[in-house]
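Dear colleague,

Here is the structure that I promised to pass on to you, with the sequence alongside. Please open it first, and then read the notes below with the model in view.

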Amino acid sequence: MVRTPMACTVAGNSNTRSRCVTETVNGSHHFTINGYSLAKGMGVGKYIASESFSVGGYQWAIYFYPDGKNAEDNSLYVSVFIALASEGTDVRALFELTLLDQSGKGKHKVHSHFDRSLESGPYTLKYRGSMWGYKRFFRRAVMETSDFLKNDSLAITCTVGVVVSSTQGPRLYSIPVPEPDLGQHFGALLDSGEGADVTFEVDGEVYQAHKMVLAARSPVFKAQLFGPMRDRNSGNIEIEDVEPPVRGFVSVRRLGPDNCGAFKPGVFKALLHFIYRDSLPDTKELIRAPSTSILLAQHLLAAADRYGLDRLRLLCESKLCENVSVDTVATTLALAEQHHAAELKAVCLKFAASNLAAVMHSEGFEYLRDSCPTLQSELLKTVAGVYEEGVGTGVISNRNRSVWGQMSDGADAGGRRVRPRT
């Protein structure tokens, strides 16, 4: 059942407050009438009833009158009603009756209270047996030659929305529930090393972990530790190459290539932190250099891709997205391409296309062009979209127009012809 809100908040005095909520509890019933031609002639006021169905705590039924409900209509119309089939007093409800078009064209005949304003409000059924519907639901001769009748069958759908109201006041008592702490418990297990059954060596640093936890979190670890191709010595594993194989990162250039290897243990420690706690670690605790948090995010992105940790990959993408600039976008785009970071890649392409002239003069653009040649065509398509958008709005600069022309014509940012690689 679906609840559809209808109203409203009522405030009390300055010291207390309550709220009255009036809404409908909705439910539908599909009624198929087979052998319509045999039902004709049963007599005016005689009906075929559906099985009763429950909506909003009451029982309801659909009544179909093949010869009409009232004698004065001379059986020119069929009648359809929805009836309250259980005990109830002053039951307020909205109704919808739909005669289904069985040709597949979707041209149904619908009589509905829903999605329109009712001057007198919902309909009120006073007691059991009260009905709402249409004496002249459809002219019978027209219906019998229409797409509503197929294979001597009719299909009717009825939706009932029972109106209910409740008043909500302040809660006098409550029991606070703490935040989830599963990650804290697993983190404590990692820190203690209790029950550890696998050891990792990373550049001389040793880390203990638990095979079942690793396998539950990473499909790669699961295959490595328990799969048919698992390592023979799966209790002691040496980890290599946890950094991304992309030279020219702004962070790497700043620190110098000799310092990259020093981050391998820190990267793997951060990886284990995420696997056990489902969160990123405090960068300062790992590497004690806040300016290198972007470098750690780059390394973790590569590690997340390697070990199939999609949530960690998205966390790293989000972190790197915050730091996309003219100086970093080219190498970040190359990283995103190599490690299946689709969200980050899309951001970088749009940023590079919007700042093309400056990006083509950046230190990382040459690397991007050499290491990921397939990205050039994607960048051109993105530039084309930005260019067309800019032309349409009149905001594209002459400089970007010139650069776009050069790239489309096979020239570099200096205007020199570029021979395609073969």
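**What was found**

The chain exposes about 23600 Å², of which carbon and sulfur atoms supply 50% (accessible areas come from the Shrake-Rupley method with a 1.4 Å probe, and for residues only the protein chains shown count as cover). Please bear in mind that this is a predicted model, in which local features need pLDDT of at least 70 and side-chain atom pairs count only at pLDDT 80 or more, while totals for chains, interfaces and linings use all residues. Residues are numbered from 1 along each chain as its sequence is written, and side-chain values use heavy atoms, with hydrogens and water left out.

The secondary structure comes to 16 helices and 14 strands, where helices (H or I, at least four residues) and strands (E, at least two) are DSSP runs numbered from the N terminus. Of the 422 residues of the chain, 43% count as buried; buried means under 20% relative accessible area, exposed over 50%, and partly exposed in between, with a 1.4 Å probe and protein chains only. Among contacts between residues at least 6 apart in sequence, 67% join residues at least 24 apart, a contact being heavy atoms within 4.5 Å.

**Helices H11 and H12**

The axes of helix H11 (residues 329–338) and helix H12 (residues 342–354) come within 9 Å and cross at roughly 150°; axes here are lines fitted to C-alpha atoms, for helices over the stretch in contact, and angles run from 0 to 180 degrees between N-to-C directions. H11 and H12 are therefore roughly antiparallel to each other, since angles over 145 degrees count as roughly antiparallel, under 35 as roughly parallel, 65 to 115 as roughly perpendicular and the rest as oblique. On the H11 side the contact is made by Val-329, Thr-332, Leu-333, Ala-336 and Glu-337, and on the H12 side by Leu-344, Lys-345, Cys-348, Leu-349, Phe-351 and Ala-352. These residues divide into eight nonpolar, one polar and two charged (Ala, Val, Leu, Ile, Met, Phe, Trp, Tyr, Cys and Pro count as nonpolar, Asp, Glu, Lys and Arg as charged, and the others, Gly among them, as polar).

Eight of the 10 residues of H11 are buried, so H11 is largely enclosed by the rest of the structure. Thr-332, which lies in helix H11, counts as buried at 6% relative accessibility, and, leaving aside its neighbours within four places in sequence, Thr-332 is in contact with Leu-344 and Cys-348.

**Loop residues**

Most residues other than glycine have a negative phi. Asn-74, in the loop between strand S5 (58–65) and strand S6 (77–84), has a positive phi near 55° and counts as exposed at 59% relative accessibility. Asp-152, in the loop between helix H2 (140–143) and strand S11 (153–168), has a positive phi near 65° and counts as partly exposed at 25% relative accessibility. H11 is followed by His-340, whose phi is positive, near 60°.

Ile-239 has its place in the loop between strand S14 (236–238) and helix H6 (250–255), and is buried, with a relative accessible area of 3%. Leaving aside neighbours within four places in sequence, Ile-239 is in contact with Phe-200, Glu-201, Val-202, Phe-268 and Tyr-307. Ile-239 and Phe-200 are 39 residues apart along the chain, and their C-alpha atoms are separated by 6.7 Å.

With best wishes
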